[in-house]
Amino acid sequence: MATKLSQSLNQSQQLVMTPQLQQAIKLLTLSHLEMTDVIAKEMVENPMLEEVSHGEGDYKLDKLENQSKEAKADDFKEEAMMSSGDDIDWQKYVDSYNSTTYEPNMATPSLSPDDMPNYENMVSKGASLAEHLEWQLRMEDLNDVEIDFAIEIIGNINDYGYLSCKFDELIETSNLEREECLGMLELVQRLDPVGCGAQDLVDCLLAQARIAEERSPLLEKLIRFHLTNLKNRDYKKITADTGVAEEQIIETAKLLHNFHPKPGRLVGGGETHYVTPDVYVVEIGGEFVVQVNDDGVPRLRISKMYQDMLNQAESLQNKEAKEFVEEKLKSALWLIKSINKRQRTIDQVAKSIVKKQQQFFKKGPKHLKPMVLKDVANELGVHESTVSRATSNKYMHTPIGMFELKYFFNAGIGGDKGGVDAVGEVVKLKIKELVDNENPKKPLSDQKIADLLSQEEMKVARRTVAKYRESLGILSSSKRKVK
């Protein structure tokens, strides 16, 4: 069969994800601290960027065209213009973008020290669990071989305080006798927090029981052989096995409440995450005012020195120098515009949240209303993905506490058949309140809780109550019952 060549013209549409659009999207998803790090890094690498000091005269700041719209590929047409040739009026181009310089919002009043996060919320990184245990170990009178083996044990303890490998495997790597190794393990388990280095829950609780002021043989026996029965409150079976009265077993079992099943968690090790709010909400004159956090966000503009270079054509005769200036100019201009769009988008999203959740800010979490991304997206005229990015890893500081922006987005439940829509967080608070006020001898079943919620027009299924109860760490009614 002969091959035939032909030409044809087809028209098609294609979405182009330009580097500038990618930068705008990435910047929108960053937290406040991450964004300030990106700006600081870019200012070091890009000589075109210059921070406007407070003492200098401000450039005129015109509002961006269609500033409330989300960034689209059409918003980044300048990239094609930048590569069109040598006949670009650079000064005119730069001057046109001086209006994109980000300036913190000065319309809203500045925050007073009382409105800022408390210093108590600012924590520094403490010693890790391993460092804490080794520091105590160094105070013991041990020889080098014993210290090395004890450190080997500590190095294999996970964040919960348990050995992450079998103890026999550690013994095989040591020159000590088995009894000496067991002695080192017992020594590590006596260090604070007591119980670290245990191989299982029984071993952990026994280590804590041994250092009690008054050792209880009955308690140690309960830990060794009857933990499952204690969990199921099967005191009659324990009585049959031990011959001890049920009342004495119950009193002895109460001592377990002083023990910690995961002692490693008592030491604040690991990476500390310090949350900086992206938005502040303050009450002024009975109204809630939104202010985007501009702390650490410099007001940027194109360097005056490089503007002069653009005006002097002879200084850009070198091709490499010209390409360098063009590249850095593009990067600087679009960083400025992306910062502007990010801050304005977050501001609009936060104002929409505050507008819809007035009762929450006035009366607390119990009055949180159902709200989904689509509600805010429709109000702002943007896509849901834009709202999702604007709320990702962002926090809002309010008069009643710090909340992640994602916290306010919850679909309503319990609104079927004439019921009232309620947020999952509100249902959890209701369940916890009912359980806290129940009769310990007649605890509420999941079905009973569902019936009580329906009386408040929250028609929630029993399985939904069970799911929320488990997420709150509340035991079932049979295990909460006190005889």
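## Two oblique helices

Helices α6 and α8 are oblique to each other. Oblique covers the angles left over once those under 35 degrees count as roughly parallel, over 145 as roughly antiparallel and 65 to 115 as roughly perpendicular. This is a predicted model, in which local features need pLDDT of at least 70, side-chain atom pairs count only at pLDDT 80 or more, and totals for chains, interfaces and linings use all residues; side-chain values use heavy atoms, without hydrogens or water. Residue numbers start from 1 along each chain as its sequence is written.

Helix α6 spans residues 144–155 and helix α8 spans residues 178–190. They pack at an angle of about 60°, and their axes lie 10 Å apart. Axes are lines fitted to C-alpha atoms, for helices over the stretch in contact, and angles run from 0 to 180 degrees between N-to-C directions. The crossing of α6 over α8 is right-handed, meaning that the near helix is turned clockwise from the far one by less than a right angle. From α6 come Glu 146, Phe 149, Ala 150, Ile 153 and Ile 154. From α8 come Cys 181, Met 184, Leu 185 and Val 188. Contact here means heavy atoms within 4.5 Å. Eight of these residues are nonpolar, none is polar and one is charged. Nonpolar means Ala, Val, Leu, Ile, Met, Phe, Trp, Tyr, Cys and Pro; charged means Asp, Glu, Lys and Arg; the others, Gly among them, are polar.

## The chain as a whole

The chain holds 22 helices and six strands. Both are DSSP runs, numbered from the N terminus: helices are H or I with at least four residues, strands are E with at least two. Of the 483 residues, 41% are buried. Buried means under 20% relative accessible area, exposed means over 50%, and partly exposed lies in between, with a 1.4 Å probe and protein chains only. Take the contacts between residues at least 6 apart in sequence: 69% of them join residues at least 24 apart.

## Helix α9 and its neighbours

Helix α9 (residues 201–210) packs with helix α10 (residues 217–225) at about 175°, with 9 Å between the axes. The pair is therefore roughly antiparallel. On the α9 side, the contact uses Val 202, Leu 205, Leu 206, Ala 209 and Arg 210. On the α10 side, it uses Leu 219, Glu 220, Ile 223 and Arg 224. The count is six nonpolar, no polar and three charged.

Seven of the ten residues of α9 are buried, so the helix is largely enclosed by the rest of the structure. They are Asp 203, Cys 204, Leu 205, Leu 206, Ala 207, Gln 208 and Ala 209. These buried residues pack against α8, α10 and α11.

## The four-stranded sheet

Four strands make an open sheet in the order β3-β2-β5-β6, with mixed pairing. Strands pair if DSSP finds at least two bridges between them. From one strand to the next, the twist averages 25°. Helix α15 (residues 319–356) packs on the sheet and touches β2, β3 and β5. The direction of α15 makes about 160° with that of β3.

Strand β2 (residues 279–284) runs parallel to β5 (residues 395–398), joined by two bridges. Tyr 280 has His 397 of β5 as its bridge partner. Strands β5 and β6 run antiparallel, with four bridges between them. Here Met 396 stands opposite Phe 403 of β6. The two strands form a hairpin, with two residues between them.

## Backbone exceptions in loops

Most residues other than glycine have a negative phi, and most peptide bonds are trans. Asp 192 and Pro 193 are joined by a cis peptide bond, with omega about -5°. Pro 193 sits in the loop between α8 and α9.

Arg 233 has a positive phi, near 55°, and is not a glycine. Its loop lies between α11 (227–231) and α12 (235–242). Arg 233 is partly exposed, at 25% relative accessible area. Asn 393 also has a positive phi, about 60°, without being a glycine. Asn 393 lies in the loop between α18 (384–391) and β5. Asn 393 is partly exposed, at 41% relative accessible area.
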